[in-house]
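Okay, everyone, let's get started.

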Amino acid sequence: MTVEVFTAYGAVRGAREDGLAVFRGIPFARPPVGSLRFAAPEPPERWEGSRPAAAFGPAPPQSSALAPGMPQTTGDDWLTCNVWTPDPGAGGLPVMVWIYGGAYIIGHSSDPGYDGAVLSRGGGVVVVTFNYRVAMEGFGQIEGAPANRGLLDQVAALTWVHDNIAAFGGDPDNVTVFGESAGAGSIAALLAMPRASGLFHRAIAQSVPGTFFSPALADDVSAVIAAKAGVRPVRQALAEIPPARLMESVDAVAATMARYPQWGPVAMTPTPFSPVVDGDVLPRTPWAALAAGSARDIPLITGHNRDEYRLFIAMGGLLGKITDEQATTALCTFAPDPTAYRDAYPDARAETLYELVHSDWLFRMPTLHLAEAQAGAGGRVHLYELAWSANGLGACHALDIPLVWGNLAGGLADLLISDRTAAEQLSARIRPAWTGFATSDDPGWPAYEPSQRLTHIFDTSPTIAPYPEEASRRLWADHTFTALSLTR
């Protein structure tokens, strides 16, 4: 059975699916190709008649550096969104807008793990997912092009939600953004961006990465990638290279990051992209912006997984193989004080130290510091840690995704979860916390504040306790997360 909704750009025709109305592949901006390649997103063109909204739009160009076999782009209409709603005629339903992760180099809203049916049906919320440009298309610093085009795509999608979601039963004045990893980094950026002001009213940032680039670092990365492609890093030259061929140059650089020591710690990460603190689109880092009160009026949930970096160690085939030399290099690269790390964790093996300092630098401490910046400015923030060990990878990066969405079969869930029954029980606690927050501001545990540091620890038996990673918190207490710089 089909269902029709009228947007500001024309009618869209979705379908009834198990009690929900579902719409896929709705344009929120024009295809960013041709004269619009590397440009800020433009509003979509209006259409006549009723546009079918049964299929997801094509994914933006995807890197294969992190996940071989990512879907290949089959069309130009990358900037589309998808809506799951209990009732388009209801009016006033809470809205949850997902921003996917993927190291700013991969990601697409057609991933089955982001199917919004379970969240929408169980929480009585309108769920929206959308595509945004990644890698060079979205985050490459290019002369003659605006910075942070991926973030501008997100603003365009949120603008579409503001202007159109009422037609799907949603309340444009009750919008919660939620996202993981690069999606959480994007949300942290949106909290600092004047362009995003008023477009959302709550935020959930899962595993916030600490990587934000200075313009000089971003310029150098783009120069290296453009040189691989045989052109200068300017819009006119790069726009002549087909996206798939440009991605080959991106992948070549991503596979050899250690060859570029001038990038500092970034050279030891799996991605050459992050949001750029350009002074315009993103005026300053999220930590500085939140500390100054940029998001004081936006309630926030943020948190991380206990064993964040173990997934990346496994992906690199290094589980059980980390040497003391590798641990020492990691400590010297990332730790505020390498000696203090060894003193704080005197019984830790080399692999444990390696994992801890990567986890702390990349996800755990940036997330904690974001919470502290929000609380310090008088804003409300609720902190959590996912501590449930799903399998040999522990509470690793991305384990929260299937638990939040309730999609516990296939894809990432099959990779990370072995005990489906325990996962279902934990997901049944996490999902109402997220949708309850989107509905009423209340996730079900107290706000974080510096004197007690109360944290919801999601595990087989959930608890509320002071922040559990106290040794790391102390090691990083005086550290400031700033835009990463070029080292030469």
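Quick housekeeping before I go on. This is a predicted model, so local features need pLDDT of at least 70 and side-chain atom pairs count only at pLDDT 80 or more, while totals for chains, interfaces and linings use all residues. Residues are numbered from 1 along each chain as its sequence is written, and side-chain values use heavy atoms, with hydrogens and water left out.

Back to Arg 306, then. Its side chain meets that of Asp 307 in a salt bridge, 2.9 Å from N to O. By salt bridge I mean a side-chain nitrogen of Lys or Arg within 4 Å of a carboxyl oxygen of Asp or Glu. Asp 307 counts as buried, at 7% relative accessibility.

How many salt bridges does that rule give? The count is 17. Let me pick out one with some reach: Arg 195 and Asp 280, at 3.4 Å from N to O. Arg 195 sits in the loop between helix H4 (182-192) and strand S9 (202-206), and Asp 280 in the loop between helix H7 (243-254) and helix H8 (286-291), so this pair ties together parts that are 85 residues apart in sequence. For the labels, helices (H or I, at least four residues) and strands (E, at least two) are DSSP runs, numbered from the N terminus. Both partners are partly exposed: Arg 195 has a relative accessible area of 40%, and Asp 280 has 45%.

Here's another one. Asp 441 forms a salt bridge with Arg 380, with the closest N and O atoms 3.4 Å apart. That one links distant parts of the chain, 61 residues apart: Asp 441 is in the loop between helix H15 (420-440) and strand S12 (454-458), and Arg 380 is in the loop between helix H12 (350-376) and strand S11 (381-386). Asp 441 is partly exposed at 23%, and Arg 380 is partly exposed at 29%. And there's a network too: salt bridges with shared partners join Arg 306, Asp 307, Arg 310 and Glu 355.

Over to the start of the chain. Strand S1 (residues 2-7) pairs with strand S2 (residues 10-17) in the antiparallel sense, over six bridges. Pairing here requires that DSSP finds at least two bridges between the strands. S1 and S2 make a hairpin with two residues between them, and Phe 6 has Ala 11 in S2 as its bridge partner.

What does S2 pair with in the parallel sense? That's strand S4 (residues 50-52), over three bridges, with Arg 13 opposite Pro 52. S2 also runs antiparallel to strand S3 (residues 20-27), joined by three bridges. Ala 21 in S3 is the bridge partner of Arg 16. The S2 and S3 hairpin has two residues between the strands, and Asp 18 there takes a positive phi near 50°.

Now, pockets. On a 1 Å grid over the protein atoms alone, a pocket is an open set of points with protein on both sides within 12 Å along at least five of seven lines, and lining residues have an atom within 4 Å of a point. The largest pocket has a volume of about 980 Å³; grid points are joined across faces, edges and corners, and the volume is the space filled by probe spheres set on the points. It has 43 lining residues, and Gly 102, Ile 106, Ala 398, Ile 401 and Leu 412 lie nearest its centre.

Of its 20 lining residues, Met 268, Thr 269, Pro 270, Tyr 309 and Gly 316 are the closest to its centre.

Last bit: disulfides, meaning a pair of cysteine sulfur atoms within 2.5 Å. The structure holds zero. Among the cysteines, Cys 81 is buried at 1%, whereas Cys 332 is exposed at 54%.

Terms used:
Buried < 20%, exposed > 50% of the residue type's maximum accessible area, 1.4 Å probe, protein only. 1 Å grid on protein atoms, 1.4 Å probe; cavity = no way out; pocket = protein on both sides within 12 Å on 5 of 7 lines; lining within 4 Å.
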